[in-house]
Amino acid sequence: MRAKLNFLTAFASALAMWLTLSAALSLMAPLMASLDLDAIKDLPPGEEYRQLSLLMLVAGGTRPELTAFVEAAGQNTQIPVLELDDYQKPLARIVDQDSMLLGAAQMFRFARQHEQDIKLILTQIAVANPILISMVDVNVLAEEAIVIRNAIADSIEYSELEKTDRTQAELATFRIQTVRLRNLMEYNIFRRDLAAITDEAIVDLGGRLDAYQRMFDEEIGDSMMEQRISAAESMNTQTDKRFEERARARTNELLLMLILMESQVD
Amino acid sequence: MNSKVSKLSLFVRLILAAAIVMPLLSGCAGTATGKDTSVLRKDDSIVVEDVSRSTADALVVIRYPAIIDVEAERVFYHAYGATAIGGQVPIEVQIRKDTDRIAQSVIAKSNYFAMSLFYELRRRLPENTVLLSPHMIVLNEQDEVTSRPILATEEIPSVLTVDFNVYSYPDTSKIMDAPPLTFGDIVTPLFVVHSNRWLRPATHGLLLSSQPLVGAAWQQSLDQAQAQFDSRLKTFPDDYQRPLDFLTFVRDGKRPRADLPLKSVGGSRRDVIAVESYPIEKIRMDGEMIAGLPDSYAIDPFIEYFVKGAAARVVNSLNRADHDRATFFARQHALARFDPELANAFLARATSESVRARLQLAEALIEAERKFLSAQSMSVYDGTFVGDYGQKMRKMIAAEYRMLEERRRLARLQNITTALAVAALAGSVYGAASSTATAAAIGNLTGVMVIGAGWAIHKSIKTSRSSAKITENFMAQMAPALDRQINVQMEWLESKEQITALGFAEFRNKTLTLYQSRVRSITDRNIGQCDFFHPDFESTGKWYGGCSAGVANGRGYGLIRDEFGDTLEFVGLSADGRASGTGAMIVWNSAQTGARYFEGEFRQGKPHGVVLLEEPGKRPRIREFRAGADVGSANPEMLQRMSF
């Protein structure tokens with residue numbers, strides 16, 4: 001696994017500076033020739049994790065048919081040479097669609113070919129640096145990925161290469177997946193806000209109920225219960241004893257009868 | 001010769017005497033001893049498998065009577081005495097005060113013992129998936145006894161719902177005899193397990209019921225299914241609230257239905273689609289444990305003797321249930337509460353991203369409510385079982401146990417003394433004929449027994465009186481404490497209801513505001529309501545889902561009712577207004593017991609192809625259908641299952 005990925009360093013730096021992907025993608029293509037996954041390992045773990053995650057989010061859900069179209073559309077590109085600082089300039093955002101599509105095609109293909117390796121690296125980074133990775137804001141990554149994916153989708157849309165129904169369908173799917181990414185991002189924010197409200201409500205309710213329970217415990221004494229239990233037991237005991245004397249008398253009478261019966265026979 | 005006859009006669013008499021004495025000595029006739037194991041078998045090894053797609057639903061909701069409205073007390077007490085399980089209570093007994101006390105104690109004890117079941121299920125199932133739904137006994141508009149939930153628990157979709165309460169025979173003078181009872185260390189649980197109709201259409205969703213409640217539970221399951229059907233057919237909100245099955249039983253009396261599909265709990269007919277009939281059991285718990293109850297809430301003999309078995313049964317039911325099928329309509333109902341547009345899209349089983357995303361937010365909202373209600377349930381448990389109320393209940397139960405022991409002692413004494421009296425009299429009578437024989441007979445009996453004979457005669461009379469009195473005395477003596485206990489619980493739960501209702505209302509207000517601020521519009525243009533047909537129904541039904549030219553076309557849900565009250569529901573694919581493609585259908589003929597369920601392929605509204613068929617009282621079968629006609633067995637691998 002010596003895949004090439006050096007382009008990501010420059011690409012991610014550009015993203016970190018909030019450049020649009022159109023410029024970033026245009027940079028990516030000329031760098032593809034010298035990429036490998038090991039190169040990215042020289043980056044700090046957080047940055048390595050961020051870049052690989054971003055790559056996967058951008059390329060997520062793309063199918064070979066779409067990649068082939070994008071690649072074909074970008075075949076005749078004239079790659080502009082940009083300095084890093086150029087990415088922040090508005091002019092840098094105006095690049096030819098073909099070079100952007102070629103860069104996107106290479107990225108899609110790379111992500112698909114090395115999907116398992118990248119996932120493994122992501123897992124290893126997360127295991128080795130749990131605290132660091134727990135602080136990564138996935139939504140920021142999603143925001144960047146959405147910008148990039150929309151730029152790619154627009155470039156496909158505006159491409160002069162003839163699009164078949166299949167390509168149109170693939171493009172629609174790609175856009176829907178981008179919307180889904182946005183929705184998931186919004187869901188994460190919603191869930192976070194909802195959890196805060198829920199936890200607060202539970203704590204608040206618990207506090208009120210605890211206060212009531214304490215008041216309730218203090219108010220209700222045990223004496224009535226004890227008295228009633230004691231009274232019930234006492235009544236049973238008395239009931240038992242009341243018959244004792246009369247029972248003894250009856251026993252004596254019967255014994256006398258038995259003795260009398262025996263004496264009569266003889 | 002005469003001597004031989006006399007000796008033989010003596011032998012026979014002794015045998016007869018022994019025949020009378022031995023059962024009395026060993027069995028303590030008339031004294032309910034209860035069983036120490038339930039027919040519901042314990043099995044700690046069963047682990048629940050929740051493979052449902054939704055994370056919003058609860059797995060089990062436990063409903064039980066917790067308090068009674070003052071207005072409903074007299075009606076409930078009267079109805080309770082009039083619908084005794086296990087016998088007829090004379091009218092003069094029904095109107096006695098201590099009969100009222102028994103009815104009162106049933107509420108208090110149900111409230112207490114339900115916590116055992118909650119604790120055990122909570123221990124075995126995933127976090128926040130077991131919820132409590134305490135009910136208040138109230139009067140309905142016709143001034144009949146019914147119940148309503150105190151918390152919002154039942155608004156949360158749940159795979160299973162368990163109705164639980166304990167029972168005592170209303171006549172205290174018979175409380176130790178054959179009829180069921182709940183006294184001291186003996187508990188008679190009543191237990192119903194039900195679900196949504198779609199989980200088990202053939203029994204309207206009823207899975208298990210205590211035998212006396214089967215009729216009421218069946219009727220309630222049917223009523224619930226019909227009410228939900230009506231709300232969807234007529235497009236009005238489903239506000240049906242199922243009262244506790246036990247309360248409906250008490251209100252309406254027995255509903256003997258000879259034609260109900262029933263099977264015994266854990267019997268060999270496990271796969272047959274029928275309601276498991278749980279027999280009345282008098283569960284005898286460990287006496288020493290009961291005596292030690294006041295020491296700690298951690299002592300819970302009910303867990304060991306009933307609850308573990310019941311919990312294992314519930315877990316088994318969960319593992320055998322298709323959770324998505326069980327909660328599909330409950331989820332739709334929950335969504336309709338705060339997002340009717342989404343509820344319709346859900347019913348139509350729309351798959352667009354806009355519906356999926358909105359559904360994800362809505363389910364997160366329901367999940368948050370479940371978490372909140374789970375916290376409420378836990379606080380009910382703490383207040384009822386761990387807190388002051390629980391401690392007092394344990395003292396009462398332990399006191400009852402001591403009374404019961406006294407009663408048993410007297411009963412044993414009664415039996416022994418009666419036996420001795422019989423034996424001694426037998427000897428006495430024989431003694432009148434032959435002094436030798438008399439001497440021999442007396443010689444065979446111990447001196448103590450002879451001396452005790454007269455004592456025995458009286459004791460047998462006396463103990464029968466006093467032992468019967470004990471239960472009455474206990475209830476009479478405990479009445480003020482019981483009153484206080486119930487009032488306190490009433491105060492506590494009412495306040496809790498107010499506090500939690502307020503808390504829940506605030507919570508729901510906040511979460512709904514958040515939800516409304518975040519949801520995006522649903523972009524599906526194909527979802528609507530239009531006509532739905534079936535070849536066997538002359539009337540026109542309603543379809544929620546894909547429509548074309550005013551009739552069903554595509555994914556969705558349809559339903560029809562005819563003039564006779566027969567109904568049909570279908571979830572799945574349609575074409576030209578009729579079921580067509582993969583789907584699931586419930587057909588109910590109102591003249592028959594239970595409904596039929598078809599799942600698989602349909603054409604022109606009828607089963608056509610490989611279809612799973614479920615019918616009352618039969619095992620599920622996979623059959624080949626042609627235009628609605630069963631033409632023979634089919635290969636199970638060819639069955640196309642419906643994905644709810």
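Q: Which residue is the bridge partner of Ile62(B) in S4(B)?
A: Val162(B) is the partner of Ile62(B) there. This is a predicted model, where local features need pLDDT of at least 70, side-chain atom pairs count only at pLDDT 80 or more, and totals for chains, interfaces and linings use all residues. Residues are numbered from 1 along each chain as its sequence is written, with chains lettered from A and ligands numbered from 1 in the order in which they are written.

Q: How many bridges join S1(B) to S4(B)?
A: Five, and the two strands run parallel. S4(B) covers residues 158–167. Strands are DSSP runs (E, at least two residues), numbered from the N terminus. Two strands pair if DSSP finds at least two bridges between them.

Q: And how many to S2(B)?
A: Eight bridges join S1(B) to S2(B), residues 130–139, also in parallel. Val61(B) stands opposite Leu131(B) in S2(B).

Q: Is S1(B) mostly covered or uncovered?
A: Mostly covered: 11 of its 11 residues, 58–68, are buried. Buried means 20 or more other C-beta atoms within 10 Å of the residue's own, with C-beta atoms placed from the backbone.

Q: Switching to helices. At what angle do H2(B) and H4(B) pack?
A: About 100 degrees, with axes 9 Å apart. Axes are lines fitted to C-alpha atoms over the stretch in contact, and angles run from 0 to 180 degrees between N-to-C directions. Helices are DSSP runs (H or I, at least four residues).

Q: Parallel or perpendicular, then?
A: Roughly perpendicular, a label for angles of 65 to 115 degrees.

Q: Which residues meet?
A: Phe76(B), Tyr77(B), Tyr80(B) and Gly81(B) in H2(B) meet Thr99(B), Asp100(B) and Ala103(B) in H4(B).

Definitions and conventions: Angles under 35 degrees count as roughly parallel, over 145 as roughly antiparallel, 65 to 115 as roughly perpendicular and the rest as oblique. Two residues are in contact if their C-beta atoms, placed from the backbone, lie within 7 Å. A residue is buried if 20 or more other C-beta atoms lie within 10 Å of its own, exposed if 12 or fewer, and partly exposed in between; C-beta atoms are placed from the backbone.
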